[in-house]
Amino acid sequence: MLRSSICSFSPRRQLGLGAAGVLGLALLLPSAAAAAPYDGYHDLDAVRQMVERHASSHRDRVQVETIGRSAGDRPIWLVTVAGDGPVDADARPGVFVGANVSGDHHAGTEAALHLLDTLLAPGPDHAETVAQLLRARTFYIAPVLNPDAHDALFGAVLQRRTANDWPMDVDLDGLLGEDGYDDLDGDGRITWLRIPDPDGGWLPHPDEPRLMVRADAERGWVGTHRVMREGDDNDGDGMHNEDPGIALMPDHNFPQAFPYGERAAGPWSGVAPEVKAVFDALFARRAIASAVVYGPGNNFLATPRPIASGGDLGSLTFRVPSRFAGFLGLDPEKDYTLDEIWAEVKDQPLVVQNNLTPNDVAQFLGAGPATKLEGDDGQRISTLAKAYKKRLEDAGLDVERAAEQYRKGGLTPWLYYQFGALAVELDVWGVPKPAPPASEDGEAAAGGDAPLTLARLEAMDAEAFGALSDDAITAFLQSIGAPPQFTAAGLRERIVSGQVTPAQMAQMARRMGASDDGAADGGGGAGGTASADDSPEIKRQREVLAWHDEHRPDAVSPWTPVTLRDGTRAEVGGSDPFASVAPPRAMLEPHLVVHTETVLDIAGQLPTVEMRSVTADALGRDVWRVRAIAANPDALPTHTDMAVRAKARRPVRLVLDVTDGISLITGQPAVTAETLAARVGTIEGEWVIRAAAGTTVRVTVDTETAGRATGTVTLTGGDR
């Protein structure tokens with residue numbers, strides 16, 4: 001069922017000292033009404049009901065298959081969507097959309113379900129596009145690839161989880177699950193535990209006491225606490241939460257750059273049943289040309305970085321074995337880059353006659369596994385990213401926010417590096433960057449009025465203050481270091497209602513160190529107003545806190561005293577574990593639309609092949625020269641450059657159908673090419689055959705990822 005309720009609490013805050021503290025005493029905000037922030041998200045059973053309903057209502061277009069079962073014996077579904085078309089569904093160019101393999105990425109599941117809804121019940125804006133795509137493409141949608149972890153969002157106690165149910169004795173003591181996480185303060189979610197310890201290495205941020213930061217000697221930040229996930233020392237061994245009984249994360253268990261030695265990745269790649277299910281499903285569907293993984297990373301907002309060291313061909317140097325160096329005209333004692341070697345050998349007869357490529361040369365020289373985007377694949381992703389960002393901008397969504405990379409041992413790099421698909425990972429939603437409160441020339445962001453200062457505030461009456469824009473008041477609150485839970489609307493209500501006058505508020509702020517230039521003693525403010533010397537990581541954490549304060553005021557628990565089982569006094573607090581990855585469903589909706597349109601756009605650009613011509617010239621005595629040309633007219637090549645390098649896909653084949661009545665005199669029945677480039681790529685074949693006039697000759701171009709096409713010519717004329 002859909003999520004209908006969660007445990008909630010009054011969103012009280014600890015306030016810092018300074019002007020903000022006095023303002024806090026005078027202007028205490030009422031507790032926000034507790035809401036159910038994950039209403040509208042689908043738990044596993046709701047996902048099942050939805051895909052089964054679609055399968056029942058659209059039997060001609062939808063097939064639902066259980067491709068495997070999780071470590072906890074839960075089903076993993078693959079939904080295939082395709083309409084009637086000239087090519088069988090499994091032979092058409094395919095798009096794979098896999099969601100929530102990380103287990104805690106529920107926005108991805110919602111995006112996958114939104115895509116499914118759009119394909120089967122498109123609105124007027126998408127109806128024509130969807131109809132065309134379903135005739136020529138096949139969509140494979142896996143809405144929940146880590147079902148064991150998925151329902152953690154819907155549990156009685158919210159705990160962000162990425163591991164499946166694979167049993168694991170994490171601390172190697174012969175016991176299983178004897179020390180997991182505990183909801184010590186009873187607020188219905190696992191947050192953070194801080195224990196006083198001068199050697200603990202953590203302390204509250206000087207300007208934002210809700211945020212714990214690492215000690216830093218250069219800044220004079222001295223550790224005061226140990227910090228860990230909320231939980232007690234249940235087995236009395238002096239450690240907290242060291243053995244929850246599960247730890248294997250499927251999104252770390254794929255082969256590419258598999259992180260050996262990392263316990264969460266498992267003992268070897270592919271051991272997780274969820275990973276095996278993906279292997280079985282995708283290797284049986286080799287027509288999949290592109291993949292979109294809805295997960296924590298975003299390859300359109302942050303270009304993929306090399307996933308490991310050792311395989312960047314652009315920086316590697318080689319020595320050519322002496323037995324080949326002389327033949328190729330190279331110095332066996334000299335170090336060459338691949339580009340330098342290719343420049344020397346690309347026009348030599350051996351290379352030209354055998355149609356060798358730079359990748360062939362690299363493999364001959366023993367280059368290691370690929371670790372970065374190959375060839376022009378990066379430019380292809382960049383082009384798709386520009387269109388994606390334009391959609392975000394047109395929808396009024398943030399394109400500048402922070403974005404993560406995909407992981408070693410993750411699904412996305414395996415799809416790109418080893419399976420041979422043009423694969424990207426998209427996180428669907430992330431906490432946006434805050435808009436700057438004022439323009440560069442000092443005018444307020446809203447309207448162009450002069451910014452609000454203490455002097456202006458002191459001279460105002462309640463009516464004038466009430467006429468200020470929200471942005472002007474917000475900029476003022478940030479300039480004096482007010483905690484971010486003090487909103488413009490709340491402050492306006494209190495001044496307009498007479499609870500406090502503008503002059504009184506200005507005087508209180510001055511007594512606590514705020515000045516007319518907007519600076520307050522202690523500097524930096526709170527929430528989203530970061531200190532100038534904060535690291536990018538801390539600045540981002542404060543931006544997230546500020547967003548919570550504005551949109552999820554119930555998301556951050558104040559530090560609350562608790563007593564551990566051994567008598568230690570500690571505190572529990574911090575953010576709802578899902579608040580920064582699963583926004584309120586209504587807020588998520590425009591992002592779902594953008595991502596569905598992105599998948600449809602990628603699907604529309606996938607390569608297809610067509611026969612340009614099949615001709616036959618009579619040579620006499622029932623001998624004919626047959627020529628055929630096939631091409632790729634679409635915006636993407638038939639193979640990624642990585643697929644070519646890895647030899648991950650069968651090459652393009654132009655095949656003469658040698659049937660009864662046709663005998664081949666010269667040439668091989670099939671001509672091959674590693675790839676057909678986008679829009680201009682062609683493959684040509686020429687054969688000399690013997691056949692009677694009137695015979696129909698058939699030539700087929702066949703690919704794994706771009707479909708197939710057939711052309712014919714009837715032999716006419718000739719001199720017998």
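## Helix crossing and aromatic contacts

The crossing of helices α3 and α19 is right-handed in this predicted model. Helix α3 spans residues 106-120 and helix α19 spans residues 585-605. Their axes lie 9 Å apart and meet at an angle of about 60°; α3 and α19 are therefore oblique to each other. On the α3 side, the contact is made by Ala107, Glu110, Ala111, His114, Leu115, Thr118 and Leu119. These residues meet Arg585, Leu588, Glu589, Leu592, Val593, Thr596, Val599 and Leu600 of α19.

Aromatic side chains form a further topic. A pair of aromatic rings is described by the distance of the centres and the angle of the planes.

| Pair | Centre to centre | Angle between planes | Class |
|---|---|---|---|
| Tyr38 and Tyr41 | 6.1 Å | 75° | edge-to-face |
| Tyr416 and Tyr417 | 4.9 Å | 80° | edge-to-face |

For Tyr416 and Tyr417, the planes stand at 80°, and an angle over 60 degrees counts as edge-to-face, so the pair falls in that class. Tyr416 and Tyr417 are both buried, and both Tyr38 and Tyr41 are buried as well.

One aromatic cluster is formed by Phe254, Phe279, Phe283, Trp414 and Phe419. Phe419 also takes part in a contact with a charge: the charged end of Arg649 sits over the ring of Phe419, 4.4 Å from the ring centre. Another such arrangement involves Trp192, whose ring has the charged end of Arg229 over it at 4.0 Å from the centre.

Conventions: Residues are numbered from 1 along each chain as its sequence is written. This is a predicted model: local features need pLDDT of at least 70, side-chain atom pairs count only at pLDDT 80 or more; totals for chains, interfaces and linings use all residues. Side-chain values use heavy atoms; hydrogens and water are left out. Rings of Phe, Tyr and Trp (its six-membered ring) pair if their centres lie within 6.5 Å; planes under 30 degrees apart count as stacked, over 60 as edge-to-face and the rest as tilted. Buried means under 20% relative accessible area, exposed over 50%, partly exposed in between (1.4 Å probe, protein chains only). A charge sits over a ring if NZ of Lys or CZ of Arg is within 6 Å of the ring centre and within 35 degrees of the ring normal. Axes are lines fitted to C-alpha atoms, for helices over the stretch in contact, and angles run from 0 to 180 degrees between N-to-C directions. Helices (H or I, at least four residues) and strands (E, at least two) are DSSP runs, numbered from the N terminus. Angles under 35 degrees count as roughly parallel, over 145 as roughly antiparallel, 65 to 115 as roughly perpendicular and the rest as oblique. A crossing is left-handed if the near helix is turned anticlockwise from the far one by less than a right angle, and right-handed if clockwise. Contact means heavy atoms within 4.5 Å.
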